[in-house]
Amino acid sequence: RKAAELAAEHLNEVGGVDSKQIKLFHVDSATSGPIAAQRVREMFAQNPDIQALIGPSGSQESRDVLTVMKEKQKPMISPASTSALFSSIDDGGYFF
């Protein structure tokens, strides 16, 4: 989390990305796939201009959140999801 905040701060200091400031949102998934997906839906409802998602950490959460990200046609990066499922799942090109 702190690394993402530091990166956003540095990028925003030099004008952001494509002249747009980066804004980070932190959401607690409660280590539950369904809760994670619901909270991501709520996050999009409150902030429809979200362009991408980093996280969640767990494979089950990532699987459920990926459904939302495919609906929204937005990419997600999940650096800690290690399930073999992600080698063959239809991610629509949105999972990294």
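Visitor: Which side chain does Ser-81 join in a polar contact of 2.5 Å?
Guide: That of Ser-62. A polar contact is a pair of N or O atoms within 3.5 Å, one able to donate a hydrogen and the other to accept it; residues adjacent in sequence count only if both atoms are side-chain atoms. This is a predicted model, where local features need pLDDT of at least 70, side-chain atom pairs count only at pLDDT 80 or more, and totals for chains, interfaces and linings use all residues. Residues are numbered from 1 along each chain as its sequence is written, and side-chain values use heavy atoms, with hydrogens and water left out.

Visitor: And which backbone oxygen does the Ser-81 side chain reach?
Guide: The one of Gly-58, at 3.4 Å.

Visitor: Is Ser-81 buried or exposed?
Guide: Buried, because its relative accessibility is 14%; the cut-off for buried is under 20% relative accessible area, with a 1.4 Å probe and protein chains only.

Visitor: New topic: what volume does the largest pocket have?
Guide: About 1,200 Å³. A pocket here is an open set of points on a 1 Å grid over the protein atoms alone, where a 1.4 Å probe fits, with protein on both sides within 12 Å along at least five of seven lines; lining residues have an atom within 4 Å of a point. The volume is the space filled by probe spheres set on the points, which are joined across faces, edges and corners.

Visitor: Which residues are closest to its centre?
Guide: Of the 33 lining residues, Lys-23, Leu-24, Phe-25, Ala-52 and Ile-54.

Technical notes: Buried means under 20% relative accessible area, exposed over 50%, partly exposed in between (1.4 Å probe, protein chains only).
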